[in-house]
Amino acid sequence: MGNGVLLRGGRVLSFPAGLGAETDILVEKGVVAAVGQGLSPGRAEVVDVSGCIVAPGLVELHAHLREPGMEYKEDVASGSRAAACGGYSAVFCMPNTEPAIDNSSVAEYVFDRGVDEGLCMVLPHGAITQGRAGETLAPMGEMGTCRAGVMGFSDDGSPVSDSEIMRRAMEYARTMNALVISHSEEPSLSAGGQMNEGYYSTLLGLRGIPPESEEIGVFRDICLAEKTGARLHLAHVSTARSVDLVRDAKRRGLPVTCEVTTHHILLDDSGLTDYDTNMKMNPPLRSKADVDALLEALADGTIDVIATDHAPHAPHEKETEFDRAEFGVVGLETCLALVLTRLVETGVLSLEKALEKLTLAPSRIMDMGRWGYMPTVEEGAPANLVVFNPETEWIVDPRAFKSRARNTPYGGWRLRGRVVHTVFRGRLVVREGDLSPGPEQGTARKKQKDAGRVGAGERASAAAGTGD
Ligand SMILES: [Zn+2]
């Protein structure tokens, strides 16, 4: 466990206090033990963080970690390393794995794999329907009460096409106060589509996905949320009308939240003119007018959360003809820097508002207090922190990613602001921008290897025994 860490001379960004003056932060026994100037380190290691901002660790609401079943793209280990280096303390991962996370044993397996790695919380969302086939409700109650404590449900990757099934899912979710996360898409309109339908799809001769495909889904799910009283979160909204619908729902007091991905606010469909498959995602990059509407919705609070929709793929799945390439891009290791460079420096969002959408808002939506996460940096709070230098310039080099995947549209981009350290449960898991494997973690990994394949429960207790 060590003797703690004294972060010397950083500026604290906390909620609701905002950005404070330079101070010291003493982390001991997994919590913030003291915040103040000129703290005595005692036996703690002193780390100079002058020039840096110390904020609550980031919370990712929407990532694909691909385990179980598609570990050649990513797994919980590589995904956790990417997340920690990106400044995340918690990553919610989507259930479109093989098998799908549609029951408590798969949910606990993924959750326990996260505990094994010990770099951030890995918290699975559960599928709405069995096998994500859209036909029979998955055992949501069982997933909610299992060790993984699943509270968000989604068939993400696909919509729940049958409105009656979605209605029943929401009715059930409401009884357990769970969140339904909508991947909004009308498949009869989007089938076979490769990119946004519009001027550029015509120019490039690619089949389009009309904005209405998403908007019909958003509208339907808002209607059903209103009818059932369920809490609804709209994943990756990408069009002007989608955010108008959310704005209207919020005005009417409905329990609706939404997220936007980094790529949908930084890129548009004009970037596809050289058929770069790293610009291919679902929903697709939209028009410049849509991007402007998303930025406005971010600024006025209609959009609650910035997510990455981290979607790792193997090189052969992206380095192929555009219409055969997989949808999606990675994002965990670039999100904070992109937000700082493209949203904060440009004045779209204040630093506080930007960090709010990466910490406070997602943690509220997922009720993260139950996981020992608080979006604050104050005495007594669990020590899950990101330390970043807002002035450091760097160039994105996909080869340096901790993720197993390299499918990013940002390779070569010059960004300003970089994660320096990440503290997870009181331990410096990332130090000077790189992983710092603690001795206890190495021991846990070795023990498992020696033991061969052990049950998920045993693995969790092995990891817990070494102290996190
Ligand atoms: Zn999706």
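Predicted model: local features only at pLDDT ≥ 70, side-chain atom pairs only at ≥ 80, totals over all residues.
**A short tour of the fold**

Q: Which strands are the edge strands of the open sheet?
A: The sheet has three strands in the order E6-E7-E8, with parallel pairing. An edge strand pairs on one side only, and this holds for the strand at 58-63 and the strand at 121-124. Those edge strands are E6 and E8.

Q: Why is helix H1 described as largely enclosed by the rest of the structure?
A: Take a look at residues 76-85, which make up H1. Val76, Arg81 and Cys85 are among the buried residues there.

Q: Just after H1, which residue takes a positive phi?
A: The backbone just after H1 is the place to look, where a phi of about 95° occurs. The residue with this positive phi is Gly87.

Q: What radius of gyration does the protein chain have, and what would a compact globule have?
A: The C-alpha atoms fill a box of roughly 65 × 50 × 45 Å along the principal axes, and buried residues make up 57% of the chain. For 468 residues, a compact globule would come near 23 Å, and the chain's value agrees with that. The radius of gyration of the protein chain is 21 Å.

Q: How far apart do the C-alpha centres of domain 1 and domain 2 lie?
A: The domain assignment gives domain 1 two segments, 5-54 and 381-435, while domain 2 spans 57-370. Between them, 30 residues of domain 1 are in contact with 40 residues of domain 2. Their C-alpha centres are separated by 26 Å.

Q: Which strand supplies the largest share of the side of domain 1 that touches domain 2?
A: Strands E2, E16, E17 and E18 each supply at least two residues of that side. The largest share is seven residues, and it comes from E17.

Q: How many residues of the side of domain 1 that touches domain 2 are nonpolar?
A: The residues of that side include seven polar and five charged ones. The nonpolar residues number 18.

Definitions and conventions
Residues numbered from 1 in each chain as written. Buried ≥ 20, exposed ≤ 12 C-beta atoms within 10 Å, placed from the backbone. Helix = DSSP H or I, 4+ residues; strand = E, 2+ residues; numbered from the N terminus. Pairing = 2+ DSSP bridges. Rg over C-alpha atoms; globule rule 2.2 N^0.38 Å. Domains from an automatic or database assignment. Contact = placed C-beta atoms within 7 Å. Nonpolar A, V, L, I, M, F, W, Y, C, P; charged D, E, K, R; others polar.
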